[in-house]
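Subject: Structure handover, salt bridges

Hello,

The structure you asked about is below. My notes on its salt bridges follow.

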Amino acid sequence: MRQEEIWDADAAQRYDTPGTGMFAPEVLGPTVDRLAALAGGGRALEFAVGTGRVAIPLAGRGVPVTGIELSPPMVAQLRTKADEATIPVVVGDMATATAPGDYTLVYLVYNTISNLLDQAEQVACFRNAARHLGPGGRFVIELWVPELRKLTPGEQATVWQADPGYIGLDTYDVLRQRVVSHHFHFGEGQEARLFRSPHRYIWPAELDLMGQLAGFELESRHADWSGAEFTAESRSHVSVYRLPG
């Protein structure tokens, strides 16, 4: 499925979970704190702004935020919370769309660069970020680390979360560097609701090479938004790339 088909009106309506999951204060607070500091008093551009999970609180911190978003239903959901003057949005592909203005920070959170399903698109995303930044500008990416070490010979799937009412598992195609995330939501009955999304996974070293191709230098990498050390056991990372000043 194409991304614009996945992020339809139904997905947009279900996306926001105020106070829980990725909207929980302990998740969102450090994200906004770090991005506000990295913006350095300038303007920020969010690729795949979605329903404004990060953009709205970041704008509330005094950082002017513009978004690029592929899905009109996601933008419509954002508009129930913030108007065009507060969060301007360009509808388009984050690998190619252009937003007016100058920015000190471009950011792409919650694994969304992997929604681009081939390497060329992902490189184009880096180059698009660079086009929006001046010297010294930063591009920040939050991305998970592929869990291929969990795959034993012959297996193709890993369960990465199992909570009451929810199971998350990934199925891997290691030849094409693809993964499909399956999200099962269920209650006390016999039926479950399934949401699936395809991704192209990226190793940190490959991500760094993409940055170099676009003219960036890796400035820092941590395991989370609070600055924890990134190690071989880290399940995700926050990587900050910077254009030479």
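Lysine 150 is partly exposed at 44% relative accessibility, on a scale where buried means under 20% relative accessible area, exposed over 50% and partly exposed in between (1.4 Å probe, protein chains only). Its salt-bridge partner is glutamate 147, with the closest N and O atoms 3.2 Å apart. Glutamate 147, at 12% relative accessibility, counts as buried.

The term salt bridge here means a side-chain nitrogen of Lys or Arg within 4 Å of a carboxyl oxygen of Asp or Glu. By this rule there are ten salt bridges. This is a predicted model, in which local features need pLDDT of at least 70 and side-chain atom pairs count only at pLDDT 80 or more, while totals for chains, interfaces and linings use all residues. Residues are numbered from 1 along each chain as its sequence is written, and side-chain values use heavy atoms, with hydrogens and water left out.

Two further pairs:

- Aspartate 33 and arginine 61 form a salt bridge, the closest N and O atoms being 2.6 Å apart. This pair links distant parts of the chain, 28 residues apart. Aspartate 33 is partly exposed at 42% relative accessibility, and arginine 61 is partly exposed at 45%.
- Arginine 79 pairs with glutamate 84 in a salt bridge whose closest N and O atoms are 2.5 Å apart. Glutamate 84 has a relative accessible area of 42% and is partly exposed; arginine 79 is partly exposed at 27%.

Regards

Terms used. Helices (H or I, at least four residues) and strands (E, at least two) are DSSP runs, numbered from the N terminus.
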